[in-house]
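Subject: Structure handover

Hello,

Please find the structure below, with notes on what was found in it. The notes go from the overall layout down to single residues.

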Amino acid sequence: LAVSIDGFGRFNHYQHVRRQCTAAARAQLDSITATGKRLDAALAEELWPDVVCELSTAEGKGPWQGLTRVDVSATAPSYNRTVTLHYGRYVTKLDKDV
């Protein structure tokens, strides 16, 4: 029974970390879509202290030409595992600092 409880606890923590990574990555994409800028670093650190978000951009090709592809990788630790989620979106306007 103790092994099961420990396993469920680890799984719940993993799912909690996944939700944090998802929230942080989507918030970054929403901010870029709405304002053309990424979230303030201090605010992101306050909301998701264990999550590290990395952004990259690329020019759209083919039917996406004229748009910019923004990709976000959100990473956080969960016990002996690392949770990494990738999200992307095409946007029309970007600040130079993204």
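In what order do the elements of the protein run from the N terminus on? The order is α-α-β-β-β, so there are two helices and three strands. Helices (H or I, at least four residues) and strands (E, at least two) are DSSP runs, numbered from the N terminus.

Two notes on how to read the rest. This is a predicted model, in which local features need pLDDT of at least 70 and side-chain atom pairs count only at pLDDT 80 or more, while totals for chains, interfaces and linings use all residues. Residues are numbered from 1 along each chain as its sequence is written, and side-chain values use heavy atoms, with hydrogens and water left out.

**Overall form**

Along the principal axes, the C-alpha atoms fill a box of roughly 55 × 30 × 20 Å.

Of the 98 residues, 27% are buried. Buried means under 20% relative accessible area, exposed means over 50%, and partly exposed is in between (1.4 Å probe, protein chains only). A contact means heavy atoms within 4.5 Å. Among contacts between residues at least 6 apart in sequence, 53% join residues at least 24 apart.

**The core**

A nonpolar core is a set of buried Ala, Val, Leu, Ile, Met, Phe, Trp, Tyr and Cys residues joined through side-chain atoms within 4.5 Å. The largest one has 19 residues, and Cys-21, Trp-48, Val-51, Cys-53, Ala-74 and Val-83 touch the most other members. Helix 1, strand 2 and strand 3 are the elements that give two or more residues to this core. Helix 1 gives the most, with seven residues.

Ala-74 shows what such a position looks like. Leaving out residues up to four places away in sequence, Ala-74 touches Cys-21, Ala-25, Val-51, Val-52, Cys-53, Val-83, Thr-84 and Leu-85.

Cys-21 is buried, at 0% relative accessibility. How many disulfides does a search of the whole structure find? The search finds zero, a disulfide being a pair of cysteine sulfur atoms within 2.5 Å. The cysteine sulfur closest to that of Cys-21 is in Cys-53, 7.4 Å away, which is too far for a bond.

**Salt bridges**

Side chains of opposite charge can pair when their charged atoms come close. A salt bridge is a side-chain nitrogen of Lys or Arg within 4 Å of a carboxyl oxygen of Asp or Glu. The structure holds three of them:

- Arg-10 pairs with Asp-6, with the closest N and O atoms 3.3 Å apart. The two are four residues apart in helix 1, so about one helical turn separates them. Arg-10 is partly exposed at 35%, and Asp-6 is partly exposed at 43%.
- Asp-30 pairs with Arg-89 at 2.9 Å, N to O. Asp-30 lies in helix 1 and Arg-89 in strand 3, so the pair ties together parts that are 59 residues apart in sequence.
- Asp-71 pairs with Arg-69, with the closest N and O atoms 2.9 Å apart. Asp-71 is partly exposed at 26%, and Arg-69 is partly exposed at 27%.

**Single residues to look at**

Tyr-87 lies in strand 3 and is partly exposed, at 21% relative accessibility. The side chain of Tyr-87 makes a polar contact with the side chain of Thr-22 at 3.1 Å. A polar contact is a pair of N or O atoms within 3.5 Å; within protein, one must be able to donate a hydrogen and the other to accept it, and residues adjacent in sequence count only if both atoms are side-chain atoms. Beyond four places in sequence, the contacts of Tyr-87 include Ala-25, Arg-26 and Leu-29.

Ser-31 lies in helix 1 (residues 2–35) and is buried, at 13% relative accessibility. The side chain of Ser-31 reaches the backbone oxygen of Lys-37 at 2.8 Å.

Tyr-79 is in the loop between strand 2 (68–78) and strand 3 (81–91). Most residues other than glycine have a negative phi. Phi of Tyr-79 is near 55°, a positive value.

Regards
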